[in-house]
Amino acid sequence: MEFEIKPRSKFSLGLKELWEYRELFYFFTWRDVKVKYKQTVLGFLWAILQPLFMTVIFTVFLGESISAKTHLPIPYPVFALSGMLLWGIFSSGMSNAANSMVNNANIIKKIYFPRLIIPISALLGALIDFFVAIPVFIITLFIYKVELNFSALLFLPVSVFITCLSAMGCGLLLAALNVKYRDVRYIIPFLVQGLLFITPVLFPSNISQNPIAQFFLQLNPLSGALELTRALFTGYTINMETVFLSMAVSVLLFITGVVYFRKTEGYFADLA
Amino acid sequence: MIHHEQQPYLSLRDSISTIFKRKHTKEDFWALKDVSFDVMPGDTVGIIGKNGAGKSTLLKILSKITPPTSGKITGRGRIASLLEVGTGFHPELSGRENVFMNGSILGMRRSEILKNFDAIIDFAGVEKFIDTPLKHYSSGMQLRLAFAVAAFLENEILIIDEVLAVGDAEFQKKCMGKMSDVSKSGRTILFVSHNMSAIAQLCASSVFLINGTVRQTGKTEDVIGAYINLSSGNNESIFRPQNRLGPGEVTVTNLTLNKKELLSGEKMTLTFSLSKKVPISSVYLDFRIDNHMGEKCVWISDKLTIKPKEDTSVDKVIYEIPRLNLNIGIYHITYCLFINNRVEDMADNCLAFDVMENNFYPNWKFPPKEQANVLADFTTHYE
């Protein structure tokens, strides 16, 4: 096996190399998940409790008024929880990925492997949390006796995929910037908080007719993802325009993130 | 090439503020330039040089951590770099989990780790605690586990940075043994160290770097010789007395050595210069050599051999040690000057000097530093 080490000239994704190191995805994800819940009493329950708390708070304080104003066809808690679960993939996926390079600086400085593995594994960790929380969601569906549109189950993977692409795009961009500008670390929490309110997670997108609000809600790649998820409940119709726009935006975000990350990763070891 | 600017950490504010400044002072610094050498399969090559010579940069480039600005390296085989042991160890994970994590970061396949798992645990000697979180391990145990994983790497090319500079003497010996086994197994090793005896023991050929360029390549013996020659005697030791006592009518104004970095086993000459404000009738001077820990090693005095010099015209006291039998390390000199049989001037740690490696014993070997300061010639007979 011959190899060459030389200055990077042309852009490539490095898929072949990622495949060679595929086992590392497993190990990094496994480590992140393991370490996250080590020495906690509730362990994996935390993956469920976080979205559940938000849902309860919003149901108690805003649930009725949101339902009334937007003519929700399903009980508000089901609506909010479905949003929060998908939002969990995006928010923790993005922020884990964004911090991952700096958090693993000691490894990056000492050993080589395709750098993309670290942020991607960080996202996979968030995805595992999502799957852990699914049973609780199913229980909620039973409690509120929501009727399901089972053919829409096929949309669920697409929805998760769009969410992952967007989370990865933002995460990679922020991760690369974070290595160079530590300011990013402080931007992330408030970015996540802000994004939650321009995403139809806890309220449907028809809550405001303000054109600025509509512009952000439509452009938001999670709008389409949420639309696809909620197609699961009978009484919902999918706005295909939103879905296609979301797909396009998420792909664009992903490409931007990957290209910027790949272009700058050579100097991570010097700056991290 | 590394661009170095004034601030190691950039922040957005700095970048924005520099947009408005016309002159952005940026200086190019080449950590390595025109470095070229060949390593054949099965060779064990040492890389030596002072701090800042570019050794670590070379290793970083060889192990693909940092891409080169220009130039090319061609190789054949799987490459593994050990710039430190235990990369990726996490205190919350158990010993077993860390072996897998660390192994896979180093580039081992899961199947390889499984195959060698028992041997790794055995080498590290941590069977009992293998499912205990790493944070409960002693630092020695962590180190042994880390080295054990690295020792079972099966890559054809190994790049090793001074991983041997850690651990106790016994463990270092074990590591050296393992390293020489590995080098005999036909694999290619690039080894960076400040420890000349380790280099001499392991590497047949070596590369000597200086200021980012290759100074010399060739047989390890010659290269080490060149390194030692160049690094010794290049700057003067400074006479800087501390805790000085005495009336000060006659004082030592300077102390010079024949070389700053002396080689063990070499001739050492100490010249004490005196300044006199009053006439003197007799003079003698003691001095002591302490190691960097302040442990007393050698005490030398005229009183041991001759009578104090009855002379009024002395301005210099010169001591000569024909064969300096000190272990490698940094030493300090403390002196005491007697004039007319009373203490006239004394000071602690007035001068520091380095004792460098040499072939005092064959193979550039030296006793472990914590075992001995002073060396002795010897012969052995087995009967």
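Does Lys277(B) count as buried or exposed?

Analyst: Lys277(B) counts as exposed, with a relative accessibility of 69%. The cut-offs are simple: buried is under 20% relative accessible area, exposed is over 50%, and partly exposed is in between, using a 1.4 Å probe and protein chains only. Before we go on, this is a predicted model, in which local features need pLDDT of at least 70 and side-chain atom pairs count only at pLDDT 80 or more, while totals for chains, interfaces and linings use all residues. As for bookkeeping, residues are numbered from 1 along each chain as its sequence is written, chains are lettered from A and ligands numbered from 1 in the order in which they are written, and side-chain values use heavy atoms, with hydrogens and water left out.

Back to your lysine. You'll find Lys277(B) in the loop between β13 (268-276) and β14 (283-291) of chain B. Those labels come from DSSP runs numbered from the N terminus: helices are H or I with at least four residues, and strands are E with at least two. Setting aside residues up to four places away in sequence, Lys277(B) touches Gly248(B) and Glu249(B), where contact means heavy atoms within 4.5 Å. Glu249(B) is 28 residues away along the chain, yet the two C-alpha atoms are separated by 5.3 Å.

Now try another loop in chain B. Asn211(B) is in the loop between β8 (205-210) and β9 (213-219), and at 66% relative accessibility it counts as exposed. Its phi is positive, about 45°, although it is not a glycine. Chain A has a residue with a positive phi too: Lys145(A), at about 50°, is not a glycine either. Look for Lys145(A) in the loop between α6 (117-143) and α7 (155-180) of chain A; at 70% relative accessibility, it counts as exposed.

Next, some buried residues. Gly329(B) counts as buried because its relative accessibility is 15%. This glycine is in strand β17 (residues 329-339) of chain B. Beyond its neighbours within four places in sequence, Gly329(B) is in contact with Phe353(B), Asp354(B) and Val355(B). Its C-alpha atom is 35 Å from that of Met40(B), which is 289 residues away along the chain.

Asn116(B), in helix α4 (residues 110-124) of chain B, is buried as well, at 10% relative accessibility. Its contacts, leaving out neighbours within four places, are Met108(B), Phe152(B) and Glu154(B).

Another helix to look at is α5 (residues 139-151) of chain B, which has 13 residues and spans 18 Å from its first C-alpha to its last, close to the 18 Å expected at 1.5 Å a residue. That expected span is 1.5 Å times one less than the number of residues. Buried residues in α5(B) include Met141(B), Leu143(B), Ala150(B) and Ala151(B).

The structure holds 3 cavities of 30 Å³ or more. On a 1 Å grid over the protein atoms alone, a cavity is a set of points where a 1.4 Å probe fits but cannot get out, whereas a pocket is an open set with protein on both sides within 12 Å along at least five of seven lines; lining residues have an atom within 4 Å of a point. Points are joined across faces, edges and corners, and the volume is the space filled by probe spheres set on them. The largest cavity has about 110 Å³ of space. Its lining has 13 residues, and Leu82(B), Ala150(B), Ala151(B), Ile160(B) and Met179(B) lie nearest its centre. The elements giving two or more residues to that lining are α5, β6 (157-160) and α6 (169-184) of chain B, with the largest share, 4 residues, coming from α6(B). By class, the lining has 11 nonpolar, no polar and 2 charged residues. Here Ala, Val, Leu, Ile, Met, Phe, Trp, Tyr, Cys and Pro count as nonpolar, Asp, Glu, Lys and Arg as charged, and the others, Gly among them, as polar.

Finally, a quick look at how the chains meet: 36 residues of chain A are in contact with 46 residues of chain B.
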